[in-house]
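Thanks for coming, everyone. I'd like to take you through one structure today, so let me put it on the screen.

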Amino acid sequence: MSRLKLAVATRCFSLPVKRAIKSAAEIGARGVQLDAQNEVSPASFGGTGDRHFRKYLEEFNLKVASLRLPSRHALTEPEFLDQRVDSIKSALEFARRLGGPLLIIHPGLIRTGEEGNFASVCEVLNDLVRFASHIGIDLCISCENNSPTIIRELVSEVRSGLIGVELDTAEMIFNQQDPESSIRELHSWIKTYRLRDAVREMDRGGIEVPLGQGMVMWDQFLPLVSETDYQGWLIVDRTQGDQRLKDCQNAISYLESVLI
């Protein structure tokens with residue numbers, strides 16, 4: 001399992017990006033996930049800035065594992081849809097400039113049936129994937145509150161290019177999803193894993209906790225990932241707590257002990 005690569009989402013450090021990159025290297029990460037809206041953005045980089053930034057990463061032996069583009073709105077929410085699509089395309093181009101292999105976006109809740117948004121999500125994703133394929137970047141969608149079955153049905157309808165899926169271990173806990181069945185159902189599309197730990201509440205939802213202190217069975221989950229011959233990144237993330245940098249450091253140490 002040692003071939004699995006650990007990266008960290010630097011936005012959770014709440015530091016200026018260069019300090020965050022240095023910290024990522026110090027805690028043992030091999031790559032970084034960057035926030036393409038709040039941490040770095042296309043508007044803040046020129047051609048020279050791209051090169052300097054890539055060189056800065058090389059100084060710490062780090063690679064860009066992925067970029068994430070957060071959104072407060074569902075992908076196909078009618079208001080400002082064109083601007084949202086343009087923003088995603090701009091972030092895809094930015095990911096290519098920084099040498100990142102993929103961009104992760106959030107589609108929102110996907111609803112099937114006559115009143116649902118399934119068809120419109122497919123239409124927008126086909127347009128985005130066509131653009132991503134043209135410039136040589138993978139577009140990846142997070143599963144969020146959508147079941148693996150719905151995600152599989154959705155990505156099966158995206159035929160204008162390759163599309164990836166991000167699987168989030170905390171979301172599986174919140175939504176009472178079985179890791180083995182989720183991985184086996186989606187493994188053909190899984191391009192990245194978001195590693196978070198969580199404790200589920202009685203019915204649904206729960207709280208994120210430091211990795212290794214929740215309900216994710218890491219000694220079972222990581223072998224499952226390895227069995228699928230996964231070649232991508234495992235992204236350590238921490239969205240809650242007062243010691244997120246320390247929590248990420250402990251998470252990397254813990255995962256490395258499991259990966260041996």
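Let me start with a question: which residue forms a salt bridge with Glu 171? The partner is Arg 196, and the closest N and O atoms of the two are 3.8 Å apart. Please keep in mind that this is a predicted model.

Where do these two sit? Glu 171 is in helix H6, residues 169-174, while Arg 196 is in the loop between strand S7 (190-195) and strand S8 (197-200). The pair links distant parts of the chain, 25 residues apart. Glu 171 counts as buried, because its relative accessibility is 18% and the cut-off is under 20%. Arg 196 is buried too, at 6% relative accessibility.

Arg 196 has another partner: its side chain meets that of Glu 208 in a salt bridge, 2.8 Å from N to O. Glu 208 belongs to strand S9, so this pair ties together parts that are 12 residues apart in sequence. With a relative accessible area of 5%, Glu 208 is buried.

Now look at Arg 194, which forms a salt bridge with Asp 237, the closest N and O atoms being 2.9 Å apart. Arg 194 is in strand S7, and Asp 237 is in the loop between strand S10 (233-236) and helix H9 (244-259), 43 residues apart. Both residues are buried.

These residues belong to one network of salt bridges, whose members include Arg 11, Asp 168 and Asp 247 along with Glu 171, Arg 194, Arg 196, Glu 208 and Asp 237. The count of salt bridges in the model comes to 17.

On to the strands. How many strands make up the closed barrel? There are 8, running S1-S2-S3-S4-S5-S6-S7-S10 with parallel pairing. On average, neighbouring strands of this sheet are turned by 30° against each other, direction ignored. Helix H5 (residues 148-156) packs on the sheet, where the helix touches strand S5 (138-142) and strand S6 (163-168). The direction of H5 makes about 155° with that of S5.

Last stop, the surface. Val 199, Ile 207 and Met 215 form a nonpolar patch there, with about 220 Å² of accessible area together. Ile 207 lies in strand S9, residues 206-209, and is partly exposed, with a relative accessible area of 45%.

That's my tour, and I'm happy to take questions.

Technical notes: Residues are numbered from 1 along each chain as its sequence is written. This is a predicted model: local features need pLDDT of at least 70, side-chain atom pairs count only at pLDDT 80 or more; totals for chains, interfaces and linings use all residues. Side-chain values use heavy atoms; hydrogens and water are left out. Patches are made of residues with over 30% relative accessible area and no salt bridge: like charges are joined within 9 Å, nonpolar side chains (Val, Leu, Ile, Met, Phe, Trp, Tyr) within 5 Å. Accessible areas come from the Shrake-Rupley method with a 1.4 Å probe; for residues, only the protein chains shown count as cover. A salt bridge is a side-chain nitrogen of Lys or Arg within 4 Å of a carboxyl oxygen of Asp or Glu. Helices (H or I, at least four residues) and strands (E, at least two) are DSSP runs, numbered from the N terminus. Buried means under 20% relative accessible area, exposed over 50%, partly exposed in between (1.4 Å probe, protein chains only). Two strands pair if DSSP finds at least two bridges between them. Axes are lines fitted to C-alpha atoms, for helices over the stretch in contact, and angles run from 0 to 180 degrees between N-to-C directions. Contact means heavy atoms within 4.5 Å.
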